[in-house]
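Hello,

I am handing over the structure we spoke about. My notes on what was found follow it.

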Amino acid sequence: MEVMRNSTRRRHVKLDPCGESATAGRTRPCFQHLARTKDAKVIPRSTMEQQDSPLSSSSVKASDFVRSHLKTLAPYTPIEPFEVLSTKLGRAPEDIVKLDANENPYGPPPEVLEALGSMKFPNIYPDPECRRLRGMLAEYVGVPMENLLVGCGADELIDLLMRCVLEPGDVIIDTPPTFTMYAFDADVNAAKTVEVPRLEGFRIDIDSVCKAVLEHKAKIVFVTSPNNPDGSVITDEDLKKLLDLPCLVVLDEAYIEFAEAESRSSWVLERENMIVFRTFSKSAGLAGLRVGYGIFPSEMVTYLWRAKQPYNVSAAAEVAACTALENVDYMNTIRDTLVKERGALMAKLESISFLEPFESQSNFILCKVSKGMEAQVVKERLQNDHGVMVRHYNKPLLKGYIRISVGTPQQTETLMTALTAIDDSL
């Protein structure tokens with residue numbers, strides 16, 4: 001908090017022509033007078049100020065010092081928040097059906113809000129090691145606390161891993177269409193991304209990935225399972241093939257709670273080249289508080305601790321995550337509710353003539369837009385006419401697709417009313 005001194009009692013002082021204090025007993029020289037000595041050239045005061053001013057014009061610009069590879073970096077395109085959408089659409093936030101970011105429509109357990117409202121010591125820096133949360137995660141995930149590292153969302157851990165592993169010019173393997181943060185963070189860290197596109201049905205082309213790793217001497221292979229944006233899961237057989245490669249294999253399980261398959265978090269204890277990322281953003285409903293965590297081989301995690309920002313997880317975020325883990329039954333109930341709604345949504349989307357939905361093991365469904373309709377047009381009509389937000393894609397591998405998050409039954413009803421109206425207008 002800024003403090004205003006002498007705000008109630010002001011002392012008036014007399015200034016000499018140079019603006020110096022003339023307080024008795026405390027005189028200081030007038031530098032304007034010194035500039036007017038007998039043999040000296042008179043320098044206009046304005047010129048002196050211009051020469052001495054730290055704000056004077058300079059040919060040096062701050063942008064001159066930006067790393068060269070960042071100057072051509074394309075910015076990441078995030079989803080717009082409620083406040084921006086409300087202004088943009090002229091609708092109250094509660095009148096917007098937000099199905100574009102795979103957020104949990106039910107939010108966290110009610111106890112989380114109570115805990116946040118009564119949290120102690122918000123004026124004190126948080127535990128840099130998140131010991132309480134890591135202890136609870138060890139029990140929840142089934143791995144030792146020493147193998148766990150918590151971040152400001154899994155996104156921070158992706159970047160941290162790259163900063164610790166990749167030299168400029170090193171290669172990662174990406175399997176698009178998938179989560180775009182891997183390629184983005186590789187660009188930020190001056191690494192190269194070699195893309196191995198997925199096969200029909202969004203299956204990973206394992207043989208081509210193996211070939212690319214050896215050919216390019218890649219350091220990291222990133223795999224999302226369930227994959228974003230289609231919700232497919234990698235098989236044990238394919239994952240084991242990747243783990244036999246001479247590189248790190250990162251398995252991003254942000255949506256694993258919604259899948260029939262179990263987490264492979266415990267595999268890290270047996271595989272020294274495997275890392276698993278998970279998050280509280282989806283099933284726990286804490287996307288706004290940014291809490292993710294990684295399961296790392298014991299030898300590697302030592303170096304990540306050295307490079308991690310000391311207070312990367314706020315006290316509020318840790319309180320919320322710990323409280324969520326104290327209410328796992330609630331989270332499981334919400335998960336089951338969303339999985340059930342996913343099945344209902346899938347059946348209803350199949351009735352829309354211009355959509356071809358894909359089976360998913362996540363909390364979203366990817367749909368191919370057909371019958372002469374364009375994905376962007378569908379998105380805009382849903383948004384502008386009905387206040388329903390979905391994600392659409394323009395990138396080559398996903399051009400003509402939209403992704404719809406699973407919401408509440410009421411949100412599904414609003415969505416289907418809007419889609420039916422579009423369908424009837426064709």
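Second largest pocket

In this predicted model, helix α12 supplies four residues to the lining of the second largest pocket, the largest share of that lining. Two elements, α5 (131-142) and α12 (328-349), each give two or more residues to it. The space in the pocket is about 240 Å³. Its lining has 15 residues, and those closest to the centre are Tyr-140, Ile-256, Glu-257, Ser-263 and Arg-278. Sorted by class, the lining has six nonpolar, five polar and four charged residues.

Helix packing

Helices α6 (residues 153-165) and α10 (residues 298-307) pack with their axes 10 Å apart, at an angle of about 105°. Angles from 65 to 115 degrees count as roughly perpendicular, so α6 and α10 are roughly perpendicular to each other. On the α6 side the contact is made by Leu-160, Leu-161, Arg-163, Cys-164 and Val-165, and on the α10 side by Met-300, Tyr-303, Leu-304 and Ala-307. Of the residues in this contact, eight are nonpolar, none is polar and one is charged.

Salt bridges

The count of salt bridges comes to 14.

Regards

Definitions and conventions
Residues numbered from 1 in each chain as written. Predicted model: local features only at pLDDT ≥ 70, side-chain atom pairs only at ≥ 80, totals over all residues. Heavy atoms only, no water. Axes fitted to C-alpha atoms, helices over the stretch in contact; angles between N-to-C directions. Parallel < 35°, antiparallel > 145°, perpendicular 65-115°, else oblique. Contact = heavy atoms within 4.5 Å. Nonpolar A, V, L, I, M, F, W, Y, C, P; charged D, E, K, R; others polar. 1 Å grid on protein atoms, 1.4 Å probe; cavity = no way out; pocket = protein on both sides within 12 Å on 5 of 7 lines; lining within 4 Å. Points joined across faces, edges and corners; volume = space filled by probe spheres on them. Salt bridge = Lys/Arg side-chain N within 4 Å of Asp/Glu carboxyl O.
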